[in-house]
Amino acid sequence: MARIGVFVCQCGNNIEGTVDTKKVAEEAQKLPGVVYSRNYKFMCSSPGQEMLKEAIKKHRLDGVLVSACSPHMHEKTFRKASDAAGLNPFRCEMANIREQCSWVHHDRTKKTGTVKGNDLTRMAIERLKRNRPLKKINIPVTRRALVIGGGIAGIQAALDIAEGGREVILVEREPSIGGNMARLSETFPTMDCSQCILTPKMVEVELNEKIKLYAYSEVEKVDGYIGNFTVRIRRKAKYVDEDLCTGCGECIEKCPFKAGSEFELGLTSRKVIYTPFPQSVPNIPVIDAPNCPKFQKDKCGACAVVCGPKAIDFKQKDTVVEEKVGAVVVATGYQMMPNERFGEYGYGRFKDVISGMQFERLASSSGPTGGEIRRPSDGKVPETVVFIQCVGSRDEAKGVSYCSKVCCMYTAKHTMLFRHKVKSGQAYVFYMDIRAGGKRYEEFVRKAIEKDGAMYLRGRVSRVYEKDGKVVVCGADTLSNSQVEIEADMVVLATAVVSRKGSDGLARTIGIGSDRHGFYNEYHPKLKPVETVNAGIYLAGACMGPMDIPESVNMGSAAAGKVLGLFSSEEMAREPIVANVNERVCNACWDCVVACPYSAIERFTVKNGQGDVMGMHAKVNEGVCQGCGVCVAACRSKAIDLAGYTDEQVFAAINAF
Amino acid sequence: MMKIPYYPGCTLNTVAKGLDTSARESAAALGFEMEELKGWNCCGAAFPLTPDNLIGLTAPAKVLLNAKKEGGGSVMTLCSVCYNVLKRTNRVLRDDKEKRSIVTGFIEEDYDGSIDVIHYLEVLRDRVGFEKIKEAVKRPLKGIRAGAYYGCMLLRPFKEMGIDDHEAPTIMEGLLRALGCEAVDFPDKAECCGAHLAMTRTDIVERLSGNVMRSAAGRGAELIVTSCPLCQYNLEKSQKKTLEETPGYREVPVVYFTQLLGLALGQDEDTLGLGKNLWDIRPLLKSKGV
Amino acid sequence: MSEHAQYEQTGAFEPKIMAFVCNWCTYAGADLAGTSRLEYRPNVRIIKLPCTGRIDPLFIIKAFENGADGVLVSGCHPGDCHYTTGNYHARRRWIAFKSLMEFTGIDMRRLHFSWVSASEAIKWVDLINGITEEVKILGPFVEYKGLKGEENG
């Protein structure tokens, strides 16, 4: 027989006002298994808690019911008190007779409240009787992190985690880290050169002994759960032996073949054996096999001939490595929306219509023109440049519904860069609204307009066409209510920031959510901005949505902070409200596997000592299970139950109704 | 022979007879027959732009209903405006159950939007194929620099019409090249001609159509083709003014694409209705030795 | 069954409503009704579960068997589930389950499914008042009470 103690709280007059707590205590006393019952002024006060502890000891209680406020309020308090008195904290439960009884039924005769208070207490007692003691679950933590993506957000996260003394594996898909930021000429609102502030960080990554960098690699699979992930990484063949290569660049020098440069966005070409840009980290070239005659026709091989350390290896294959980590930071970044979608702006048809990112390269001193603004068609220095904002952003019909956030700022920056480099030049900007929320951002835009003379026209562009070596831009100026036609030498489109192609595929691989635009979902948009629904996986940077550099760095550091917090001890404890499978009853229909929102249930194969397969059953991974109970209701053979909310407990409460 | 149900529309029975006859002749030469709907009425000539003006959908709904009853599964048009009105009405009745039930109340018969509305150009591109047309050409229009003028109705709204890219369409250029012409691209090829303002504000039509013609002539077009009777009318009609106002501008004939198709397929010039056009194309043909 | 006795005294029928609610949205919404000192009909008894996805259809049948005259199932709004998709499971199950309930003779006006978020105290109050009124008009649910007797006997 159970030995239950019942404590009915008056909560001053909060409960006592409409519930006769003495009567509730008396009624409870009559129930089988209840050995002790009383009411008290304030159960949550120190004397109240002490009383509870003493009663547990004195009456050898094996279960405690506190009939008081909402468990959301004080369940933790009373469980802690029970624990201190030697009672398993999960053998302490609450009945909510305040928020859901005394406060909502204002009958001063106490009749209504007492009847309901009795019912709620009785139901909770029956539930409590069938409550099993539960132990907090401890899971080991591998104190090593994986960072996916070597842009500024990923670099920041990796450096911070390494700084905190933990090992980091940084995986970058391209031959070099640096991401989109490496392409930028100068950065708003301070106008410092992007390369100058990024390159030192990239070098730091390379030199930091705690960071293992896998460049030119992709994450293929993430298995496991918080603290215990196994990651499979494909290291694409570079055809250059990393250990032997000294990065001298002789092979690049001598390579006679060229292909379009991805880094320069097609504005110029690169060699077929290449590093994306001179400051690449790691400084190890890769061979672009589809464009290399050695691979296609078995001709050339000049790189292998000139390579001193004999690092060129045409036979190299992709390799797959497996790493064990405890946390993952996803920082895969963004890309620009393909401009081809906007026929009215003539991108792809007219050479002198370029994207904002291409303009960055034209303005960059390491870019194809050495930092001189020259238009792509004939290399002429443009006198008149039209910048079109919101190309794809805030355009549900043809683009995306959201604001890309960075374009107002970088367009203002472009007009300034242009004016600084072409003194007689005139910049025109077609805009919808100027969104310059940020420290020193508004002042920056004002400067572009007032000091550097950019002409801002509020309106949209209807059409762009070529005429006698000019690009004619037709648009509306809604502030002067007129139509304008500008004969420009070059047009720059501020295209929308969109999620990386294939981002939803990666989301599925690692089990996190993404929105309809392909951006990854944070756990809570305000209060848990770097966590994901999959515990142990964190987000940083523009893979979550358009973001500028300061914000990406913030997020990178925030994610690193979360990771270091997780790594603060070798084990982590978690609430034991998890599902468990009765293996003998499970008929392996896998309905639960399909239903589980967390992929926490696996198909487990039972083998005997000889390794023969004896059968299969579902198995809950306690590290991953969040205790929602969807599997319990889905199970046809009633083989799964949820600790703390077992069928038995729920039915007992219903029966006591 | 492939039979395609055909909705001519009012204009093609009257002032734009040439568009109709040349299309029929060419179809026969290309191996399909345009089977005119037995019962048809005016398409309404304008798709109602206010969302609750459902009475404007009844005329086209009746046309579509008849087409369905006659059992073709699709109906083809030549006139850009008819195409626009019918296709958009069809879409409304297919996707919007509430509107459909109201329209049903008006016309006292239910039509579910299940047939396809297609344009002659789509038949040429997708069913016959420009390659095949090229083979069928008997009189290649070599050396003629022709500009394709699309106007608004054939292409827009893009999501509903979807015949081609509405900003940079190429379907008619494809046809022109198959006929041996040199297709001239010009910036204003999908701009408005002034449309119905021909009735009330000829000055605006003259300005807009003039822009189109100057834009085409500026790129060296010697000939304009179009699929819309109203565009054809406006461009032709306003050309006098354009000639007066624009120094150095030389006249450019405006013909239906089907007329050019008929010519290239070796049809009799008389049946193509070329004589009805305001600016004669024949001197140009002669000068090119076609 | 003191409550029933009491209602019998006053003569008016007061229905008993059982509510199965999720811990994160509706339970918190009901708490908010309390902290806001709103008032509603006292006929409801709440059973808290982690998620509406945990609700076994049998719970509902058992509730009716044990004297409930009406049952409410309420959780987070679609898309707001604390467990990402638990409430979608509940919704799908509900669709399949509804016709079964009708088949077993339960008037669907006695069974309600709703979304109440942690901030929707007023919605909760209206919901409980509404259901209580509706079930009151329907009268006591007696069809299953015999079953319980047979089982016990």
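# Cores, disulfides and a helix face

Guide: In this predicted model, the largest nonpolar core has 159 residues, and those with the most contacts inside it are A:Leu146, A:Val330, C:Met18 and C:Phe20. Helix H6 (residues 152-163) of chain A gives the most to this core, with eight residues.

Visitor: Which residues are in contact with C:Phe20, leaving aside its neighbours within four places in sequence?

Guide: The list includes A:Ile654 from chain A. From chain C it includes C:Ile47, C:Leu49, C:Ile55, C:Phe59 and C:Val73. Each of these has a heavy atom within 4.5 Å of a heavy atom of C:Phe20.

Visitor: What other core lies apart from the largest one?

Guide: A core of 93 residues, with B:Val81, B:Val123, B:Phe130 and B:Phe186 among them.

Visitor: What makes A:Cys193 and A:Cys196 a disulfide?

Guide: The cut-off is 2.5 Å between the sulfur atoms. Those of A:Cys193 and A:Cys196 are 2.2 Å apart, so the pair qualifies.

Visitor: Why is the disulfide of A:Cys193 and A:Cys196 called right-handed?

Guide: The torsion about its S-S bond is about 95 degrees, hence the term.

Visitor: How many disulfides does a search of the whole structure find?

Guide: Two, over all chains. Besides the pair in chain A, C:Cys25 and C:Cys76 form a disulfide with their sulfur atoms 2.3 Å apart. The angle about that S-S bond is 100 degrees, and the link is right-handed. It links distant parts of the chain: C:Cys25 is in the loop between strand E1 (17-22) and helix H2 (26-35) of chain C, while C:Cys76 is in the loop between strand E3 (70-75) and helix H4 (86-103), 51 residues apart. Both C:Cys25 and C:Cys76 are buried.

Visitor: What makes B:Cys79 buried?

Guide: Its relative accessible area is 4%.

Visitor: How do you know that the length of helix H15 (residues 549-566) of chain A agrees with what its residues should span?

Guide: At 1.5 Å a residue, its 18 residues should span 26 Å, and its end C-alpha atoms are 26 Å apart, so the two agree.

Visitor: Which residues of H15(A) are buried, and why are they said to line one face of the helix?

Guide: They are A:Ser552, A:Met555, A:Gly556, A:Ala559, A:Ala560, A:Val563 and A:Leu566. Seen down the axis of H15(A), they fall within an arc of 135 degrees, so they line one face. An α-helix has 3.6 residues a turn, so residues three or four places apart point the same way. The buried residues of H15(A) pack against H6 and against strands E6 (144-148), E18 (327-330), E29 (537-539) and E30 (571-574) of chain A.

Visitor: What is found at the start of H15(A)?

Guide: A side-chain oxygen of A:Asp548 reaches to within 3.2 Å of the backbone nitrogen of A:Glu551.

Visitor: What makes C:Glu14 buried, and where is its place in chain C?

Guide: C:Glu14 has a relative accessible area of 15%, under the 20% limit, so it counts as buried. Its place is in the loop between helix H1 (2-10) and E1 of chain C. The side chain of C:Glu14 makes a polar contact with the side chain of C:Lys136, at 3.3 Å.

Visitor: Which pair of chains has the most contacts?

Guide: Chains A and C, among the two pairs that touch. No contact joins chain B and chain C, whose closest C-alpha atoms lie 24 Å apart.

Conventions. Residues are numbered from 1 along each chain as its sequence is written. Chains are lettered from A and ligands numbered from 1 in the order in which they are written. This is a predicted model: local features need pLDDT of at least 70, side-chain atom pairs count only at pLDDT 80 or more; totals for chains, interfaces and linings use all residues. Side-chain values use heavy atoms; hydrogens and water are left out. Helices (H or I, at least four residues) and strands (E, at least two) are DSSP runs, numbered from the N terminus. Buried means under 20% relative accessible area, exposed over 50%, partly exposed in between (1.4 Å probe, protein chains only). A nonpolar core is a set of buried Ala, Val, Leu, Ile, Met, Phe, Trp, Tyr and Cys residues joined through side-chain atoms within 4.5 Å. The expected span of a helix is 1.5 Å times one less than its number of residues. The arc is that of the directions from the helix axis to the C-beta atoms. A polar contact is a pair of N or O atoms within 3.5 Å; within protein, one must be able to donate a hydrogen and the other to accept it, and residues adjacent in sequence count only if both atoms are side-chain atoms.
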